[in-house]
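Subject: Structure handover

Hello,

Here is the structure I promised you. Please open it beside this email and follow along.

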Amino acid sequence: MRKVTVCIFSLVLVLTFGGLVFGGGAREEAPTNLVYMTAGDVNMLALGQHVLGPQFEADHPNYSVMTIHTGPGNAGSQRILEKLLAERDAGREKWDVDVAMVHEIFMTWAMEEDLLQSYATELDTWQYVTSPFAKSALGADIEGYAMPMFHSQTALAYNPEYVDDPPASFEELVLWVQDNPGKFGYNGIKGGMSGVAFTTAWVYWQTGAYEKYTSGPFEQSEVDAWEAVYEELADFNEYVTITAGNVGTLDALNRGEIWMGPVWVDMFFTFMDEGKLDPNMRLALPEPGLPGQPMYFVIPRQARNPEAARDFVEMVTSPTVQAKDIVQRFNWYPGIDGSYIEGKVPQEVFDTIYRDVSPADLARKSQAFPLADYFSAVVESYERWID
Amino acid sequence: MPVIRTAVAPPAARRRGGIPPYIPLLIPAVAFMLLVYAFPFLSSIVTSFLDQQGVPSLSNYRRTVDLYARDIIFTLLVSVSNTAGTILLAIALAAYLRVRNSRMSRFIGHVYKLGIFIPFVVVAQMMRTFLAPHGLLNVTLARTGFIDIDSPLQLFNFSGLTFGFMWKLVPFAILIIYGGFQMIDNSYLEAARSTGAGFFAMVARILVPMNKSSILVATVLVYAQIVSCFTLPYMLLGGRTPTTITVDIAHRVTYFRDYGSANSLGVISYALVLVAAAYYLKTSVRQYRQGADNA
């Protein structure tokens, strides 16, 4: 009974003082909290808590980074949006969130609601950014409002034991699957985003309307004309294996069930590092390309500590941190131009990551996902005409 | 035996016109049920009849039938056939455990319960590697010369799903049915044996007829678990079609934030289990009444 009382008392104490600190009522010596809210998988939480936070605190002893994780996928970004909307609607002068890590779709929502401040072009590290994703996200003009932290890319993974010469284009891929039935695998559209990315690329390739679908405007007549595109994909599917998810494709590749399939590049390298994928596997990025997506740093319009938030973003987008943590540790492609990290990562890491897909390939063949309406149409058309 | 009535309010309270004393006691439990079960249940039904703008319409159901009719039929087939298979196998094994008393049966009696404690997500992950084209099962069969590894058994489909569901749910059904079988007095079985009844005759003529209620309960619970299971079909089938309603619900939410259609799929799954649930309720009410009458 006494223990319980002590526990409750300590809890109350912690909550009270925690609240004081969070509410800005701390004594002068206590470091100021820099609130960093991140969407994404649990690796994003680990990145904030164990890597970026401690590094920033070492350089800025009067700040303490508080990492808050909102969950994977668009739903995670949605929660950050709700938090900012709530603070705006409450009419607060200073908002709690200093800096946030969000998906592309968030940018379209937040720009509409005017929740962000323009800061990125004033950063020292803006000079290293060459990605078109820093200028627009799913059709929304975002230049200055977002700084890409890393880039996830899909590519075709293949087993060189069976595939000497991977298809250089979608035309060659179609011929390849006919010669090797069942040996190309992807996860359809209900098993994860790598399959959705492949389907999107298929639509871009068949229609040749990449520019239109990524910049708009949305026209239903375009979507209505896709039936033939999906019939071709249904024919293609006759020769392929549908796998059980993003991981399912990598597993099937590793077990030799399939010889080729679209995968997320960062998962591909992480699986290799962890010994879950044969290190001899290779990547290819066929013409006209496959989609990828960045995650962005944004600073809310009324952030409490905007200066520190900028320093934080600048630190993470510096070539050193991008090389060591983003590329080497987490296997993402950097948010800044890949050429600036050369020499800062061990040459073998650089060579591994860029061996099959070079920075030049990425600049030319990394596609964006289409506008939100086209994106929904790509997925739903698959259900309508293929399932 | 004298009947003791304790739960009925004393007549004095009624005469005074006040609230019977059991009402305040019921409030926390009832409020909890209403808030946690009834509210989400009703709100999902209501939202399924609203379109994206919140206007009453049948558009969600039109889309559901348009896109997912095949998946609904698939779900029904998977649920009914796997329930039947699970229950038949569970009856056979429970009867074996009940009738035979050997070292083997005692061993099985201890081991079978393992599956009950393993969550579906773990079963799904096991099945993903066990049933894969180059997974443990196929490789073993290939090494022993039963199949050619270049044309392995394809089990990421209805068959694999059946295997997974049975692996997980047969033990659960045995637990319920075997419990019922243990209530039957040995004298019935001994009498049957002495007049020459074999194993199958004892199962069909004594164990099953005397245990209809526990078998019914097991059937309803297994069926409801299969209809509502998400992880096994999601992890085993992945992007394959047809798939189950639960996978479609997740898909509508993840890619379209379309809670309307997700809810209409949900309502259809309620309808799928409603028949079974109604039967279950009817049976338990009847049993309760019989119990009360006997008392």
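Which domains does the domain assignment of chain A give? Domain 1 covers 2–151 + 293–354, and domain 2 covers 152–291 + 365–385. These bounds come from an automatic or database domain assignment.

Two notes before you read on. This is a predicted model, where local features need pLDDT of at least 70, side-chain atom pairs count only at pLDDT 80 or more, and totals for chains, interfaces and linings use all residues. Residues are numbered from 1 along each chain as its sequence is written, while chains are lettered from A and ligands numbered from 1 in the order in which they are written.

**Between the domains**

The centres of domain 1 and domain 2 of chain A, taken over C-alpha atoms, are 30 Å apart. In chain A, 14 residues of domain 1 are in contact with 14 residues of domain 2 (contact means C-beta atoms, placed from the backbone, within 7 Å). On the domain 1 side, α4 (104–113) and β6 of chain A each supply at least two residues. The largest share, 3 residues, comes from α4(A). By class, that side has 8 nonpolar, 5 polar and 1 charged residues. Ala, Val, Leu, Ile, Met, Phe, Trp, Tyr, Cys and Pro count as nonpolar; Asp, Glu, Lys and Arg as charged; the others, Gly among them, as polar.

**Around strand β1**

Helices (H or I, at least four residues) and strands (E, at least two) are DSSP runs, numbered from the N terminus. Take β1 of chain A, residues 32–39: 6 of its 8 residues are buried. Buried means that 20 or more other C-beta atoms lie within 10 Å of a residue's own, with C-beta atoms placed from the backbone.

Strands pair if DSSP finds at least two bridges between them. β1(A) runs parallel to β2 (residues 63–71) of chain A, with 8 bridges. There, Y36(A) has T67(A) as its bridge partner. β1(A) also runs parallel to β3 (residues 99–102) of chain A, with 3 bridges. T38(A) is partnered by M101(A) there.

**Helix α13**

In α13 (residues 319–329) of chain A, the buried residues include V321(A), I326(A) and V327(A). Among the elements covering the buried residues of α13(A) are β6 (147–158) and α12 (306–316) of chain A. After α13(A) comes N331(A), with a positive phi near 65°.

**Between the chains**

20 residues of chain A are in contact with 19 residues of chain B. On the chain A side, helix α16 (residues 372–385) gives the most, with 4 residues. That side divides into 4 nonpolar, 10 polar and 6 charged residues.

Best wishes

Conventions: A residue is buried if 20 or more other C-beta atoms lie within 10 Å of its own, exposed if 12 or fewer, and partly exposed in between; C-beta atoms are placed from the backbone. Two residues are in contact if their C-beta atoms, placed from the backbone, lie within 7 Å.
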